[in-house]
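Subject: Structure for your study

Dear colleague,

Please find below the structure that I am handing over to you. My notes on what was found in it follow directly after it.

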Amino acid sequence: MPYPSFKYLLVVLFLCVFVPFSMAQDAYTQLLEAQKNFNQANIKGDSAEIAEATYVLAKRYTYLGNYTQAQKLLLKALEIKMALKLFEDVGRIYLRMAEMEVFIDKEKALNYNRLALAYSSRANSIKGKASANRALGYNFRVIWESKDYLKKYPMALDSAIAYSEKALLLTEKLKTPIDLAESYLQMSQIMFYKDFNKSLSYKKKLLEICKQNKLYYRLIDYYIDIAKQYIIKDRLPTAKVWLDSAEYFSKKQKVINHGLSVLLLETKTSYFAKKGDWQKAYLFRDQAAQLKLNQYEEYRKDAMKTVNTAHENEIKTAQLIAHRREINLQKKNIEIQQKFTVVVTILFLVTVIASLLLRTLFIKYRKISELNAFLLNEQNHRTKNNLQTVSELLSLQLHGLSDEVAVQALQEGLLRVEAMLTIHSNLYQGEKLVEVNLQKYIPDLIYGVLRTYKFENIKTAFNISAQWLHVEQSIPLGIIINELTTNACKYAFTQNPDPSLKISCVLNAGIITFSFCDNGKGFSLESTRYNFGLKLISLLSEQLEAKEKYSFDNGCCFELSFSLKP
């Protein structure tokens, strides 16, 4: 906390003159109590309690002259009260803020007092409206007395009277002694400049209230005030009566203290100075000055204690706020952890449920797949058996024929059936249900035909990629291979001392390129265009959507290229 400003020290000195020492001691005790309540309210965390405790603490700092700290606390209380829509309390705060500005920035004080009146009216608070009108009256009185703003507010005295009269009407409805006393006091002070007799009448009403309610400290203060007014008016005998009454009553009621003593001595100084008795005037002035010095010293010690206490309390408040933030942070962390735990639990449950559903679906799908695989295998098996039966029937019929042309035609048909039989045999025995392994399938086909024609010992060279081919493409390809091998056995290998075959089937960029080459004498496509086997090859190539090509360099070479079915 910074050291007190010069303005702050001036305020302390001001309080030393006008605030009784016993009240200063009480204010110091009340500050400690208010700070304790403020700390407890912050620990509880209730907004309404924090706002009220902040406002009370600000009042205590105001009484001790620490306006900087008071202003800071009032703004904090104002923010909370506004949020809670406690408009009567908002009006009270603006009044307190205006009190601190009335001698420093009179226009700012006016704005605060007007805001206080607006919010008190909004809350329909008679006490709040009375206090705000009284504060505005006092504000305009200070403006009129100081002469600073008279160009801007030439009717300041009339405004002071008007607002004070409104305040008096409202306090008469309340009928509370303190509020009535304050209103009568203000009316008497303002009317002093307008109508001295009216001012006195209000003073008498004020004194009557103080007597009825035993407000002795105020009563003595008002006696002295009346005496000062008579001194100003040069009515010294009457002033002496009121001064003597104030001194007598203070001794009788035993309520005299440093503040009243200084005020009484200073008024006596003014009285004897007006009378021309300078010896007594200097005597009372010196007595007042000595009392002030004593009070300054005592109050200086308490002021320093207040400053140190305020500094310690600010540290404690900061620690409490930090502790609260830490607790709130821990709460938020716990809430986040709880939410995270809930989310993780939900995700875990969803995962478990999804896993169970997937497992159920997987088991169901596997059963269906196994059933489909079984049915497909059974279909391939039956197709293979049927083709085997057809093959055996054709073989039996072949043995019963004597016509060579018929035998050859039946033998070629038998080879075509065996080509399809080989495919279904591979499907039934293979790893996949609808695909055949070309590395096994092509050699089996070729060797089957070569055995039929007794050429199983000829030279054969294979270059086949490790590729699986779908049954829809492998059947047409198989029949084409069967036709090519049959033609090679019939036309290329007869009367050839060293027959040989070169077969290639490779995959490149999704295109299968198949080639079948023999070292026979070749043939003319024109002379064989009506050959059934070649027509069959052309039809099956179209079925594969393939490109076919023949070449006759050192024998016959057939090339076929088509796209691999996904």
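Helix α17 gives the most to the lining of the second largest pocket, with 5 residues. Here a pocket, on a 1 Å grid over the protein atoms alone, is an open set of points where a 1.4 Å probe fits, with protein on both sides within 12 Å along at least five of seven lines; lining residues have an atom within 4 Å of a point. Helices (H or I, at least four residues) and strands (E, at least two) are DSSP runs, numbered from the N terminus.

Please keep in mind that this is a predicted model, in which local features need pLDDT of at least 70, side-chain atom pairs count only at pLDDT 80 or more, and totals for chains, interfaces and linings use all residues. Residues are numbered from 1 along each chain as its sequence is written, and side-chain values use heavy atoms, with hydrogens and water left out.

The second largest pocket

The volume of this pocket is about 300 Å³, taken as the space filled by probe spheres set on the points, where grid points are joined across faces, edges and corners. Its lining consists of 18 residues, and Asn487, Ala488, Tyr491, Phe523 and Cys556 lie nearest the centre. At least two lining residues come from each of α17 (471-492), β5 (511-518) and α18 (532-543). By type, the lining holds 11 nonpolar, 5 polar and 2 charged residues. In this division Ala, Val, Leu, Ile, Met, Phe, Trp, Tyr, Cys and Pro count as nonpolar, Asp, Glu, Lys and Arg as charged, and the others, Gly among them, as polar.

The chain as a whole

The protein chain has 18 helices and 7 strands. Of its 566 residues, 43% are buried; buried means under 20% relative accessible area, exposed over 50%, and partly exposed in between (1.4 Å probe, protein chains only). The UniProt record, an unreviewed entry, places a "transmembrane region" at residues 340-362; such annotations may be inferred rather than shown by experiment. In the model, that span is 100% helix and 0% strand, and its end C-alpha atoms lie 31 Å apart.

Thr54 belongs to helix α3 (residues 47-63) and is buried, with a relative accessible area of 0%. Leaving aside neighbours within four places in sequence, Thr54 is in contact (heavy atoms within 4.5 Å) with Phe38, Leu73, Lys76 and Ala77.

Tyr119 sits in helix α6 and counts as buried at 15% relative accessibility. Between Tyr119 and Gly91 there are 5.3 Å in space, C-alpha to C-alpha, although they are 28 residues apart in sequence. Gly91 is also among the contacts of Tyr119 beyond four places in sequence, together with Met82, Phe87, Val90 and Tyr94.

Ser504, in strand β4 (residues 500-508), is buried with a relative accessible area of 16%.

Two residues with positive phi

Most residues other than glycine have a negative phi. Asn124 is not a glycine, yet has a positive phi of about 55°. Asn124 lies in the loop between α6 (106-122) and α7 (126-146) and is exposed, at 58% relative accessibility. For Gln495, phi is near 60°, again a positive value in a residue other than glycine. Gln495 is in the loop between α17 and β4 and counts as exposed at 84% relative accessibility.

Yours sincerely
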